[in-house]
Amino acid sequence: MTRDIALGQFIPGKGIIHRMDARVKILLLITYIVLIFCAFNFVSLGIVTASVIAIILISDIPVKMYLKSLKVIIVIILITSILNIFYGSGDPLVQFGIFKITLEGIYRAIFVTVRIICLIFISSCLTFTTSPTDLTDAIERLMKPLKIFHIKVHEIAMMMTIALRFVPTLLEETDKIMSAQKARGADMESGGMIKKIKAMTPVLIPLFVSAFRRAYELAVAMECRCYQGGDGRTRMKVLKINKLDVACILVTVLFLVGVILCNIFFAAKI
Amino acid sequence: MSIIEVKDLSFTYGINTPFEKKAVDDVNVCFNEGEVIGLIGHTGSGKSTFVQMLNGLIKPTSGQVLLEGKDIWEKPKEIRKIRFKVGMVFQYPEYQLFDETVYKDISFGPRNKGLNENEIDLTVRKAAKFVGLSDKLLNKSPFDLSGGEKRRAAIAGVIAMDPDVLVLDEPTAGLDPKGREVLLAQIMGYHKERKNTIFFVSHSMEDISRIADRVMVMNKGRLEMFDTPKNIFAQVEKIESMGLRVPQITKIITMLRERGYDLTDGVLTVEQAFSEVVNLLKREGVI
């Protein structure tokens, strides 16, 4: 069952986005997030959505994987959009007691839904196309200026690398322990909330025990290889910005300008 | 009478993703009641997936598993009942121990089965005896036991459910030579008394040749061979082409035969080889 989680999984490939510099990808992702929330009318929202779809299509990742990543948060999308329908002010179209639906509410719901979906797609695109090591390398480089404030950038990045590295391992382990307890007749599917939580103890205890054991073993292994933090450490793969990255930055800036212009020339809907 | 019948069984991991992989490919096989079946295969040959389909932990993509003539997935809601009939001991089972005491941990299975306290006490003590855990150990925390004791406690947890078929996935992996011997002897002792069907997955050809009545050889998800250990290990080349090996002693005898020594084929254990060689020497008048 844990195999079905598509969110945050790296899929090797050779597409344009795979070849981009991870630092540029992160910065462009942030730009896109700003873009998505800067779109105040249908024209600019349309531009953003179209560009997100374009990115998905050129990313060399099956569209199915993107749809799968939505599965996890579909409930959140539904709840926020339904809440937003009732949230708008203005003349009600329909009214039940204290609840009223307004045109603004419907607009809000559409915007929120499209925004969340775009957000998930674009951030999935980053994790699908970037290996966890590249990702943390890039984060470490981007956070380097924070060293002036005595923030341990390298240590934070190393912790992130390790955490990301062990997500699949722990998922696999959870799967294995669950199978082992199911083989002993553990019933994890039926019963109410409390019964289900209680049924998880035989899984959680061995999982914690093994997580601590792994942490200890990893620490020993790192020590054996004389790891002592970031100072003086060199990299095998040095991140480099090339023509492709520059081109992608230019295209994104174009979109940004486009969305800002649309916001100026067309009336805001929310 | 065949206790388990496997028909056209296939399983594919990650269907419709870039990670799609056929783990078990169209396996057809029958097992008799009371048999000890050995299962060998290279890493990634589909052994683990195959055995997990026997007790419904993995639902086959296609094909059927018949337990005593009935499809185990006939009523998906009652799949738990199958798990009490086909007990499964995973690789490194000591990592699944969780309860406060060894006794409570072993009783997890019987309790899920719905036995009453008296029956639970009886089965737990019986299972502990089979694997040689003393009463003193039963009241200890499972995390205070030694590696070998943990392994035996975990196996007792499955034996306590009194399954008709017991699947053991590499039960001796990671144990020291003496620990392996003892555990094998205990499993065989249990089999002799309970007379149930045992499934034994192992990388140790020596262990397999010693205890198995019949051996399944899997390669790339397919069932390549299913025969007695003697017939299987006589085909040295075929076995080695699948990344496996025959017991060392069998290989030595085969090589001696190739050099013209008059020894019988299909020697599987050191004891057999010893008497074969002694007989040959006597025949030749050396001793």
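Modeller: Let's start with A:Cys248, which is buried at 19% relative accessibility. Please keep in mind that this is a predicted model. A:Cys248 takes part in no disulfide, and its nearest cysteine sulfur, that of A:Cys125, is 10 Å away. A:Cys224, by contrast, is exposed, with a relative accessible area of 62%. A:Cys224 is in no disulfide either: the nearest cysteine sulfur belongs to A:Cys226, 8.4 Å away. Searching the whole structure gives 0 disulfides over all chains.

Now for the rings. There are 11 aromatic pairs over all chains. One of them joins A:Tyr66 and A:Phe121 edge-to-face, with 5.8 Å from centre to centre and 75° between the planes. A:Tyr66 belongs to helix α4 (residues 63–71) of chain A and A:Phe121 to helix α6 (residues 103–129) of chain A, so this pair ties together parts 55 residues apart in sequence. A:Tyr66 is buried at 0% relative accessibility, and A:Phe121 is buried at 12%.

Chain B has an edge-to-face pair too: B:Phe130 and B:Tyr190, 4.8 Å centre to centre with 80° between the planes. Here helix α5 (residues 117–130) of chain B holds B:Phe130 and helix α8 (residues 177–194) of chain B holds B:Tyr190, so the pair ties together parts 60 residues apart in sequence. B:Phe130 is buried at 18% relative accessibility, and B:Tyr190 is buried at 2%. Ring pairs also link B:Phe31, B:Phe50, B:Phe199 and B:Phe226 into a cluster.

Notes. Residues are numbered from 1 along each chain as its sequence is written. Chains are lettered from A and ligands numbered from 1 in the order in which they are written. This is a predicted model: local features need pLDDT of at least 70, side-chain atom pairs count only at pLDDT 80 or more; totals for chains, interfaces and linings use all residues. Side-chain values use heavy atoms; hydrogens and water are left out. A disulfide is a pair of cysteine sulfur atoms within 2.5 Å. Buried means under 20% relative accessible area, exposed over 50%, partly exposed in between (1.4 Å probe, protein chains only). Rings of Phe, Tyr and Trp (its six-membered ring) pair if their centres lie within 6.5 Å; planes under 30 degrees apart count as stacked, over 60 as edge-to-face and the rest as tilted. Helices (H or I, at least four residues) and strands (E, at least two) are DSSP runs, numbered from the N terminus.
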